[in-house]
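Dear colleague,

I am handing over the structure below, and I would be grateful if you could look through it alongside the notes that follow.

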Amino acid sequence: MRQRIPLLTAVLTATALAVLPGCGGPSALRGAPAASATGPSRDPGEFSRQVDVGGGRKLWLSCKGSGAPTVVLESGLHDSSDTWNLTETRPPVPKAPAVFPGVAAFARVCTYDRPGTIRYTNPPALTTRSTPRTGTRSLGALEADLDRVLTSAHVPGPYLLVGHSFGGMITRLYAQRHPEKTAGLVFVDAFGTDMEPYFGARWPAYLKLLNNPGTPFDADPAFEKVDVDGAIGAVRAAKPLPEVPMAVLSKTEPFAAPAGSTKDLLAPLERAWPAVQQTLVELGEQTPHLLATGSDHYVQLHDPDLTISAIRLIAGRIRFGH
């Protein structure tokens with residue numbers, strides 16, 4: 001089984017929905033690439049800056065590359081945009097560029113920091129690049145922020161939306177609410193709406209763990225918290241997804257099981273995940289389902305080349321009319 005990135009295991013381990021707190025350390029960040037550039041760029045279309053989204057709030061947005069459709073990368077729960085700028089490949093997988101610069105080679109691509117998400121700096125810290133928010137946030141509020149930052153920055157649409165883990169819930173609701181702005185969808189080991197039956201009476205414990213995954217930031221009022229039950233309800237109540245090209249990428253390795261984790265949460269999670277992924281595949285017609293063999297939940301880090309290829313595939317289908 002491929003070794004997991006110690007930092008991600010330590011700080012969030014699959015923060016996004018399905019991971020339990022890990023036991024690594026921030027030393028894994030030594031030598032890790034920075035997630036954003038603030039200096040001048042030779043490409044006039046490349047920028048990393050705060051965008052005023054109204055109400056006295058700003059969100060950090062990074063864009064690079066050119067060409068339609070614009071690709072929008074949405075991170076998982078508690079994750080800043082850093083996860084799209086890091087890689088962790090091991091032989092026999094060749095070294096590949098991170099997803100953000102890799103996609104920029106053939107399309108316009110943007111990603112941003114949601115408030116209260118973790119920067120993979122040394123030591124890890126909550127992002128200061130986006131205006132902090134406190135309290136539990138709804139999926140509707142997260143989706144609205146995505147629309148505000150893209151609109152305020154005049155990022156051209158329609159968009160190919162790429163969502164990792166809980167980020168898949170955000171992009172899914174966005175597509176349901178803004179079909180005219182949605183060109184395609186790629187789900188990267190994404191969360192779904194059909195997990196609760198697998199947990200039974202343990203569902204509340206799982207939801208508590210998602211918002212309190214054992215990071216040093218759990219008690220910080222600015223740490224990202226979401227209403228997961230409300231998010232599932234919002235997706236179910238919204239209009240159907242538009243008929244656009246889609247792809248699903250899924251892990252093959254178990255979720256990280258840190259010391260002290262209980263089987264009564266891990267076992268139903270593993271039982272639920274294949275069904276969740278299949279449900280996502282069935283959301284569209286002729287949706288490719290790509291298995292990232294040897295990868296855990298962070299497919300974009302362990303298999304960036306596969307993630308980039310899936311995005312390129314859907315971008316091509318969009319350009320050539322499906």
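By class, how many nonpolar, polar and charged residues does the lining of the second largest cavity have? Please keep in mind throughout that this is a predicted model. The lining comprises 3 nonpolar, 2 polar and 4 charged residues, and the residues concerned are Pro115, Gly116, Arg133, Gly135, Arg137, Ala222, Phe223, Glu224 and Lys225. The space in this second largest cavity comes to about 50 Å³, and the count of cavities of 30 Å³ or more is 2.

As for the overall picture, the protein has 10 helices and 12 strands, and of its 322 residues 59% are buried.

The axes of helix 3 (residues 139-152) and helix 4 (residues 167-177) come within 9 Å of each other and cross at roughly 70°, and because an angle of 65 to 115 degrees counts as roughly perpendicular, helix 3 is described as roughly perpendicular to helix 4. On the side of helix 3 the contact is made by Leu139, Gly140, Leu142, Glu143, Leu146, Asp147 and Leu150, while helix 4 contributes Met169, Ile170, Leu173, Tyr174 and Arg177. Sorted by class, this contact of helix 3 with helix 4 has 8 nonpolar, 1 polar and 3 charged residues.

The other arrangement concerns helix 6, which spans residues 203-211 and whose buried residues are Trp203, Tyr206, Leu207, Leu209, Leu210 and Asn211.

Finally, a word on a single position. Serine 309 lies in helix 10, which covers residues 304-319. Is serine 309 buried, exposed or partly exposed? Its relative accessible area is 43%, and since buried means under 20% and exposed over 50%, serine 309 falls in between and is partly exposed. Serine 309 and valine 99 are 210 residues apart in sequence, yet from C-alpha to C-alpha they are 9.7 Å apart in space.

Methods:
Residues are numbered from 1 along each chain as its sequence is written. This is a predicted model: local features need pLDDT of at least 70, side-chain atom pairs count only at pLDDT 80 or more; totals for chains, interfaces and linings use all residues. Side-chain values use heavy atoms; hydrogens and water are left out. On a 1 Å grid over the protein atoms alone, a cavity is a set of points where a 1.4 Å probe fits but cannot get out, and a pocket is an open set with protein on both sides within 12 Å along at least five of seven lines; lining residues have an atom within 4 Å of a point. Grid points are joined across faces, edges and corners, and a volume is the space filled by probe spheres set on the points. Ala, Val, Leu, Ile, Met, Phe, Trp, Tyr, Cys and Pro count as nonpolar, Asp, Glu, Lys and Arg as charged, and the others, Gly among them, as polar. Buried means under 20% relative accessible area, exposed over 50%, partly exposed in between (1.4 Å probe, protein chains only). Helices (H or I, at least four residues) and strands (E, at least two) are DSSP runs, numbered from the N terminus. Axes are lines fitted to C-alpha atoms, for helices over the stretch in contact, and angles run from 0 to 180 degrees between N-to-C directions. Angles under 35 degrees count as roughly parallel, over 145 as roughly antiparallel, 65 to 115 as roughly perpendicular and the rest as oblique. Contact means heavy atoms within 4.5 Å.
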